Amino acid sequence: MNPSVYSRYRTAFVEALAQALGVPASELESQVKPADPAHGDFSFPTFPLAKAQKKAPPAIAASLAQGIKVPGLEVVAAGPYVNAKFALMPFTAEVLDTVRSQGARYGGGDVGAGKTVVMDYSSPNIAKPIAFHHIRSTMIGHSVANLHRALGYKVEGINYLGDWGKQFGLVAVGFQEYGDPARRNDMAHLVEVYIKANKRAEAEPAFDERARDFFRRMEANDAEALALWKEFRETSLRDFARIYARLGVKFEHMEGESFYQGKMEPVIEEIARKPGVKESQGATIVDIPYAENEPPVLLKKNDGSTLYATRDLAAAIDRYERFHFEKSLYVVATDQALHFRQLFRVLEAMGREWVDRMVHVNFGRVHGMSTRKGNVVLLTDVLDEAKARVLEKVQENIQAGKMQTEDPEALAEQIGLGAIFFGDLKNRRTTDYTFDWDEVLAVEGHTGPYLQYAHARTCNVLRKGGGVPASYDASLLTLPEEQAVLRAIARLPVVVQEAAEQCEPSFVARWLLDLAAEFSRYYTLGNQDRGKRVLVEDNEPVKAARLALTDATRAALAAGLSLLGIATPENM
RNA sequence: GCCCCCGUAGCUCAGUUGGAGCAGAGCGCUCGGUUCCGAACCGAGAGGCCGCAGGUUCGAGUCCUGCCGGGGGCACCA
């Protein structure tokens with residue numbers, strides 16, 4: 001795939017500057033910045049050259065600008081800066097052609113072709129409810145996976161279920177105490193049991209010991225314990241499947257921690273030969289001598305059973321051997337930063353040089369919720385509430401004759417989920433937030449529905465305008481507002497690449513807001529001035545060009561929303 | 001005690017390879033825009049010494065140091 005229109009011009013400008021200055025282009029690559037729109041599209045500050053050339057920056061800029069000619073760019077000096085601006089043509093035609101030919105794939109690329117990225121995301125614990133905060137790992141992971149796929153990577157998404165460990169012992173012994181055998185396949189009941197058992201274990205060491213003992217039996221292949229585990233696990237998975245279907249999230253692999261049962265000994269034996277591994281208070285630990293001020297890593301408890309660090313170690317090695325990944329991403333809350341630092345250090349100590357391909361894609365907490373205290377807000381409840389609130393508005397609009405839909409419920413679901421997904425992805429992933437119903441369910445202002453609405457508007461205009469004519473003259477798109485929309489569209493490929501590199505869906509979210517805002521501004525011009533409408537009367541050539549711009553906006557919005565996992569209804 | 005993160009408008013947040021978008025957006029508040037491409041929209045206004053104090057630099061919200069304030073993590077949970 002060719003580089004994007006935007007980056008092609010940028011590269012041409014950088015190379016022209018480099019040639020004029022007689023330096024390698026790589027030296028200037030980071031110096032060329034986006035410009036103030038009033039001045040152009042790219043800017044090059046000449047301050048750093050002042051000392052060497054012993055000239056004032058404005059003088060340098062003036063002489064430099066004179067010697068630079070790049071087809072399709074207008075290069076001018078403005079004070080100490082050399083600015084470059086897209087000429088109306090061929091830029092306008094190139095952007096529209098590119099979007100038109102790539103359609104839903106617009107924004108993607110091929111830098112990941114032939115490469116595999118392994119992703120560990122969502123990863124809920126079985127026999128625990130899917131609470132609202134689980135949306136974070138699930139949707140950030142889903143979006144980061146989409147971003148990588150768009151760039152040609154093969155993504156191996158793994159839902160690393162928490163299906164092994166002491167917490168399962170808690171459910172099991174809790175069920176012996178509080179469980180109703182008739183409801184053994186009822187997820188809600190298992191959750192109640194878990195909450196009770198967890199509370200009791202905190203207050204009563206003997207009860208906690210029973211839970212630990214149950215888990216030890218599981219690791220010892222006790223048939224009875226494993227049968228119960230398997231049954232409860234199936235119940236959880238059935239429950240999870242429903243919610244993933246609703247979220248539109250799929251995984252290449254549903255393999256949990258239990259997958260590594262019986263596969264840890266070789267790893268433990270290998271690392272046992274490394275320095276720092278020893279017995280301490282009955283447990284097996286690795287006390288890495290090269291990690292400063294950090295606690296040792298526990299590989300085995302004093303009763304011989306394993307811990308999650310042991311399983312993560314085995315999993316990391318297994319995943320490399322299976323997939324030979326270019327990157328291995330762990331979309332896990334920032335609380336576990338120490339765990340991953342330790343995990344990576346142990347792998348490094350074991351001589352796995354590929355450890356530098358592993359990244360903890362951390363994210364901030366959702367405050368105001370706690371599984372242990374039992375006052376958890378369930379994800380399905382939030383989704384239901386969002387849908388219910390949106391449905392009212394949908395019904396209103398239908399009655400007012402503003403829109404039509406065959407299935408108001410399905411539409412409300414798409415919009416409600418759009419609001420929630422966007423709310424979770426719009427900010428930098430490391431930002432914490434506090435759960436608040438009104439904030440999570442907000443649908444006005446720059447929210448998910450705002451973007452969906454902008455998209456629906458483009459669809460509506462195209463419908464009324466009869467679609468994009470086979471040919472049009474792009475040079476007729478001379479309004480500043482039209483050019484602003486076009487420039488926003490042109491940036492998507494750059495944004496996608498950056499978002500994938502940094503595992504930041506928020507970059508795409510912010511870009512969507514920019515594009516939707518530019519389009520909305522442009523669209524609203526038509527309220528006052530009929531001559532500025534897309535469907536302008538008595539001027540077929542201009543109308544054709546504007547329909548092409550509207551269609552490109554539609555495609556770009558749809559591409560961006562899809563990357564975030566947000567639906568794109570054509571009517572709302 | 002040790003380690004990590006954060007402090008930008010009343011609220012929630014962008015601004016993270018230092019460069020004229022670095023002072024912004026949404027919400028809330030005041031005002032205005034629809035007989036006509038759908039107002040889940042658009043425009044205008046009020047509102048911030050970018051936690052504080054130093055430093056580096058031609059240039060700092062952005063980098064460094066200290067202080068203050070908030071959050072998270074730290075051996076048999078994950």
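Which handedness, left or right, has the crossing of helix 19 and helix 20? The crossing is left-handed. The report below, which concerns a predicted model, returns to this pair after an overview of the chain.

## Overall architecture

Chain A contains 20 helices and 13 strands. Its C-alpha atoms fill a box of roughly 80 × 70 × 35 Å along the principal axes. Of the 572 residues in the chain, 43% are buried. When contacts between residues at least 6 apart in sequence are considered, 74% of them join residues at least 24 apart.

## Helix pairs

| Helix pair | Angle | Axis distance |
|---|---|---|
| Helix 19 and helix 20 | roughly 155 degrees | within 10 Å |
| Helix 6 and helix 15 | about 85 degrees | 10 Å |
| Helix 12 and helix 13 | about 55 degrees | 10 Å |

Helix 19 spans residues 505-528 and helix 20 spans residues 540-563; their axes cross at roughly 155 degrees. An angle over 145 degrees counts as roughly antiparallel, and helix 19 and helix 20 are therefore roughly antiparallel to each other. On the side of helix 19, the contact is formed by V508, W511, L512, L515, A516 and F519, while helix 20 contributes T553, A556, L557, G560, L561 and L563. By class, these residues comprise 10 nonpolar and 2 polar, with no charged residue. The spacing of contact positions along a helix can be read against a general rule: an α-helix has 3.6 residues a turn, so residues three or four places apart point the same way.

Helix 6 and helix 15 pack at about 85 degrees, which makes helix 6 roughly perpendicular to helix 15. The residues in contact are I135, R136, M139, I140 and S143 from helix 6, together with F421, D424 and L425 from helix 15. This contact has 5 nonpolar, 1 polar and 2 charged residues.

Helix 12 (residues 308-323) and helix 13 (residues 337-349) pack at an angle of about 55 degrees; the two are therefore oblique to each other. Their crossing is right-handed. Helix 12 brings A309, D312, L313 and A316 to the contact, and helix 13 brings H339, Q342, L343, V346 and L347. The classes represented are 6 nonpolar, 2 polar and 1 charged.

## Individual helices

Helix 15 covers residues 408-425, and its 18 residues reach 26 Å from the first C-alpha to the last, close to the expected 26 Å. Helix 15 is mostly covered, with 14 of its 18 residues buried.

Helix 8 (residues 187-203) has 17 residues and reaches 25 Å between its first and last C-alpha atoms, close to the 24 Å expected. Its buried residues are M187, L190, V191, V193, Y194, I195, A197, N198 and A201. Among the elements that cover these buried residues are helix 7 (166-178), helix 9 (205-219) and helix 10 (223-247).

Helix 5 (residues 88-102) includes P90. The peptide bond that leads from M89 to P90 is cis, and its omega is near 5 degrees.

## Loop residues

The loop between strand 5 (116-120) and helix 6 (134-150) holds I126. This residue counts as buried because 27 C-beta neighbours lie inside 10 Å, the cut-off for burial being 20 or more. Beyond its neighbours within four places in sequence, I126 is in contact with L161, G162, D163, F232, R233 and S236. I126 and E504 are 378 residues apart along the chain, and their C-alpha atoms are separated by 28 Å.

S122 is also in the loop between strand 5 and helix 6. Although S122 is not a glycine, its phi is positive, at about 70 degrees. S122 counts as buried because it has 28 C-beta neighbours inside 10 Å.

N221, in the loop between helix 9 and helix 10, likewise has a positive phi without being a glycine, at about 65 degrees. Is N221 buried or exposed? N221 is exposed, because 10 other C-beta atoms lie within 10 Å.

Key. Residues are numbered from 1 along each chain as its sequence is written. Chains are lettered from A and ligands numbered from 1 in the order in which they are written. This is a predicted model: local features need pLDDT of at least 70, side-chain atom pairs count only at pLDDT 80 or more; totals for chains, interfaces and linings use all residues. Axes are lines fitted to C-alpha atoms, for helices over the stretch in contact, and angles run from 0 to 180 degrees between N-to-C directions. Helices (H or I, at least four residues) and strands (E, at least two) are DSSP runs, numbered from the N terminus. Angles under 35 degrees count as roughly parallel, over 145 as roughly antiparallel, 65 to 115 as roughly perpendicular and the rest as oblique. A crossing is left-handed if the near helix is turned anticlockwise from the far one by less than a right angle, and right-handed if clockwise. Two residues are in contact if their C-beta atoms, placed from the backbone, lie within 7 Å. Ala, Val, Leu, Ile, Met, Phe, Trp, Tyr, Cys and Pro count as nonpolar, Asp, Glu, Lys and Arg as charged, and the others, Gly among them, as polar. The expected span of a helix is 1.5 Å times one less than its number of residues. A residue is buried if 20 or more other C-beta atoms lie within 10 Å of its own, exposed if 12 or fewer, and partly exposed in between; C-beta atoms are placed from the backbone.
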